[in-house]
Structures are given as C-alpha cells and as structure tokens.
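Please examine the sequence and the model shown here.

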Amino acid sequence: MPTQTAATPPRVLGLYDEPFWRHMKDDGRMHLQCCRDCGAWRYPPGPACHACLSPASDWKPVSGGGELLSWVTFHKQYLPAYPAPYNVIAVRLDEGPTLISNLIEDPEPDQRPIGRRVRLKVVAMADGVALPRFEFAD
Amino acid sequence: MKSLKRVASVIGVGHTDWVSDWHRVRAGERPDDCYGYAAGALRNALADAGIGKEQVNGLIVGPTTAYERMAEVVGLNVRWGDQADAVLSVVQACMAIESGAADVVALVYGNDQRSVGTQYGGPQAMGGDQFLSYVYHAPWGLTSQGALYALMFRRFCELHGVSERDLGHVAVAQREGSSRNPNAIQRKPISLDDYMAAPYITEPLRLFDYCLINDGGVALIIAEAGLARKLSPRAVSIEAVGRFDLNQGATSLEPRLTDFYRPAQQAVAEQIFGASGLDPSDIDVLQVYDSFSVHVPLALEGYGYCGIGESGRFMREKGIGLGGLLPTNTSGGHLSESYMQGWNHQIECVRQARGECGDRQIENCRRVHYTSDVAGKAVSIIYGA
C-alpha cells in the first residue's frame, strides 16, 4: 500500500462503533461484539444480535486469522489518502464475520489470492488511526 | 405474489430528450431540475396513453424528488400515493390497483444527477445515508459502488470460470442495441478488442462496464387491466411480479460475495415463472438493471437462463445481442442509452412488447423479463404483449 500522508478517510462513528477503534489503538488487536446469549459474532457493531436479537454483548478479541474472499485494484483516486493504484480486499474472519480491508503488499493475479489464508496486522496511519489490514499467512 | 398476476397494464410511457440534454449539460447548461424532467416525462406519458391527468387517481414518485412537491408541481390530488424506485414503483402500483386503492396510477421520476454533479464514489457517495456499505469502508479506500461490483465479479470469475473478455460481451451487445436507438446517448458500436483496450477503473472492471451519468426523466401510466383494455389498444400487461431481499450481512457485502445474490434471484424466479405458468425459455427479451455490466451474468445464472457457472459460455456462444438467443438490454441500458436508475428499462420493455422498437425490434416479442438486484433486493417483472 502507498505511504499515507493525508488524513484517513472518515470513519462511520455511530453509537456502537467506538470500542472497535479504541481496542484497535490501545491493544493493537481487533475486538468484535460477541453475543452474550448465543455467541454469534457481529460486524459492523450494532444494537442487537442478528441471530437471536439479544441486546447483550461483550467486546472480545478475535484470532486475527481469516480467508481472502475477493480483491480489487483501484485505478482511479477517490480519496486523498489513497492515490491509485491500491488494493481493497474482502476477508472472512475465522469467527465468521466478513470485513473489508487492504492487503499490506499488493497482490498479483498469479498468486491466486482468493481462498488464501491471511492474518491481521494493525497499521498506524499518519493521523494516528490504527487501521486493521492483512497479510498472507501461508 | 400470485395475486398480482395480470391485475394491471402499462398504458403509457414517456421520457425526456436526454440525448439533447446530455449535450446541453456538457456545454454547461442546466436544462431542468429533477422536478422539471419528471414533469416533462409525465406530459409525454399522458399523451402516449391518450388520457388527461384528471383521470389519474394514484401517484408514485421516484426517490430523487420529494413526494408532496412533485405532486404539487404536476398538480395531482390523488386518493393514493407512494415513493419508490423504478421496479418497486411498478410492484406498488400493481398492489394499489389490486387492493382498489387506485385504478390509474402515474409513476414519475426525474434526475438532474449530471448537471448537479452527484457523486457515486468518494466520501460523499450518494445513498450512503440509506446503504451503510456505500460509506462504511471509506477508511480502507472503498467507497465507489463500482468497487462493490468489482469485488463481486473478481470472486465470480474465479469460482465460475468467467473471463474479463467474456464480461465484455455485455458492453458490446448493449452498444449494438444503442447504435440502433435514436434515444441513446452512446451510439458508436464497440468491439471486444475496444472493450479490452479501455482502461480499468476498479480492476477487474473497465470503463465500458460502468453506467453513464446523465440527466433525464421517465414516467409510466399503469391502469387496472380491464380499464386498460378500454383506454388503450396498446396496453402491455404486467404478467407477474416477484421479490426477495437478502439483508443479512449487507454492509460487509456478505450476500454479494458468498452467493452473488443467487438465492434471492432463485426465489423470485419461482414466484414469477410459477405465477405466470412460464419458464425462462418463454422469455423473448431480458432487461437487467445495469449500473454495472456484472448484473447481466449474475441474472443469467440466477434466473436459470443458463446453468451455474455457464454465463461466460452463454454470452460467448448463445449470445445476448440483438441476434442472440436472449437479446438483453436492447435499448443500450444504463451503459449506453441513459442512466435512469431502472426507469428507462421499463420503457424498453413496453416498446419491445408493443413492437415499436424499429431497427432494434426483436421479432415476435411476446414476453419481456425485467430484473434488478440493487442492494440485495431481487425484484422482477414480466411484461406481456
């Protein structure tokens, strides 16, 4: 990924989002809401369990391992912090939720990235945001 | 939705001159605002139907205009009203007619997205207040809707053996249609080599996989089926409608990336083909909401026009152009005719069913299937001559 100089593009910071980013910065680990009643993992953060509707949840650390579902390369710049070209990936975490992120090193098509194991790596952005990204683990 | 079988018909269609407005907007003019385009389209639709606006007793306005102001601009007091996107407007009109809430419904849509510079990518991506996925991933550089479809298509390619060149058949076929459509904005034919030579925007999608952005308006007049036969000799029947939504995991793109919306499309296929007593082989023309070309192979597989994993070969060998087995987006669609967010496709469905499409008319066109899969909502309509 290119060196980041501009501010990290705006995060959506709704009523339930803050612990995700606080844990990322303070602990260097990703935490997600886990339902206290049925154990379902949740992303993005929200007020109720999508599986059982329970309002009770705990922020728990995830393993950081996952599988790469898909990837793209942007050839057009939309955001000051992301000069083209740059990659965006979709990862399915071992705990279940899917999230959008970046691979630290741009993938090549002949690497056949889809289906490969990835692991979380927290990157400090120029403006101090701790951003979860991934690298190949295999 | 079995009860909505043939309860209503389209008796009038109208649109603005988006070709001349395209040139005017590019020259720096603002020919109209959303309301002006919608009003112009309604005038044309009423004239096409041969009725006056006092005969309208239901109104649905598109998502880009405020309901009350739109109704005020066109001077319509009605006994039933609603606001919806293109395909859901047709569904809601059928429901209102079936319930007796209204029997002549005007559907009006206007959009000044080009002249006001509406952004569909970047931090102010339009629709982000409604669809969290459009803005939630901005910290990682993902905001454009094209990128969502690029992520979807990359995985689809790898799992289903479709190549980037296979996808090019969509843009090439639609440009063939638009080259024979005087109402289309982009009419110069392109080849597969032209497609492959165009730059990537979000790889694996290229320039010609993306829709136009232009100003314009569309209106439809839908009437109760029996009344429609009395009002118009050219009424086009709404044979069946169907809908299924996949919402779980929407923000993190789960239903797009794991199943490509296929379970929703398969559920809708059962509703529409079951309800009408038809199957995919009875469809003469397919119209697919195409903000991006990717929607087309997804629909081909999801609705059973070909087997799972066969859309690349289907487009390559059977064909989706005017002379192909399944002519698709014959007007040029969003990629080449006009980006009216599904509304212009309804007009093309009606005109193909009426046999009014001139050089691009599909012979003996009896049934047209329109489908959209926007943001997890798979919705389909079958129009019949």
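This is a predicted model: local features need pLDDT of at least 70, side-chain atom pairs count only at pLDDT 80 or more; totals for chains, interfaces and linings use all residues.

Residues are numbered from 1 along each chain as its sequence is written, chains are lettered from A and ligands numbered from 1 in the order in which they are written, and side-chain values use heavy atoms, with hydrogens and water left out.

Strand β4 of chain B covers residues 104-111; helices (H or I, at least four residues) and strands (E, at least two) are DSSP runs, numbered from the N terminus. Eight of its eight residues are buried, so β4(B) is largely enclosed by the rest of the structure. Buried means under 20% relative accessible area, exposed over 50% and partly exposed in between, with a 1.4 Å probe and protein chains only. B:V104, B:A106, B:V108 and B:G110 point one way from the strand, while B:V105, B:L107, B:Y109 and B:N111 point the other way.

Two strands pair if DSSP finds at least two bridges between them. Strand β2 (residues 58-61) of chain B pairs with β4(B) in the parallel sense over four bridges, and B:L59 stands opposite B:A106. Between β4(B) and β6(B), which run antiparallel, there are eight bridges, and here B:Y109 stands opposite B:V218.

Strand β6 (residues 216-224) of chain B also holds B:G217, which is buried with a relative accessible area of 0%. Beyond its neighbours within four places in sequence, B:G217 has contacts (heavy atoms within 4.5 Å) that include B:H15, B:W18, B:Y109 and B:M340. B:Q341 lies 124 residues from B:G217 in sequence, yet the two are 10 Å apart in space, C-alpha to C-alpha.

The helices come next. Two packed helices are described by the angle between their axes and the distance between the axes. Axes are lines fitted to C-alpha atoms, for helices over the stretch in contact, and angles run from 0 to 180 degrees between N-to-C directions. The axes of helix α11 (residues 295-302) of chain B and α12(B) come within 9 Å and cross at roughly 100°. That makes α11(B) roughly perpendicular to α12(B); angles under 35 degrees count as roughly parallel, over 145 as roughly antiparallel, 65 to 115 as roughly perpendicular and the rest as oblique. In this contact B:P297, B:L300 and B:E301 meet B:S311, B:F314 and B:M315.

Helix α6 (residues 164-179) of chain B packs against helix α12 (residues 311-318) of chain B at an angle of about 55°, with their axes 9 Å apart. That makes α6(B) oblique to α12(B).
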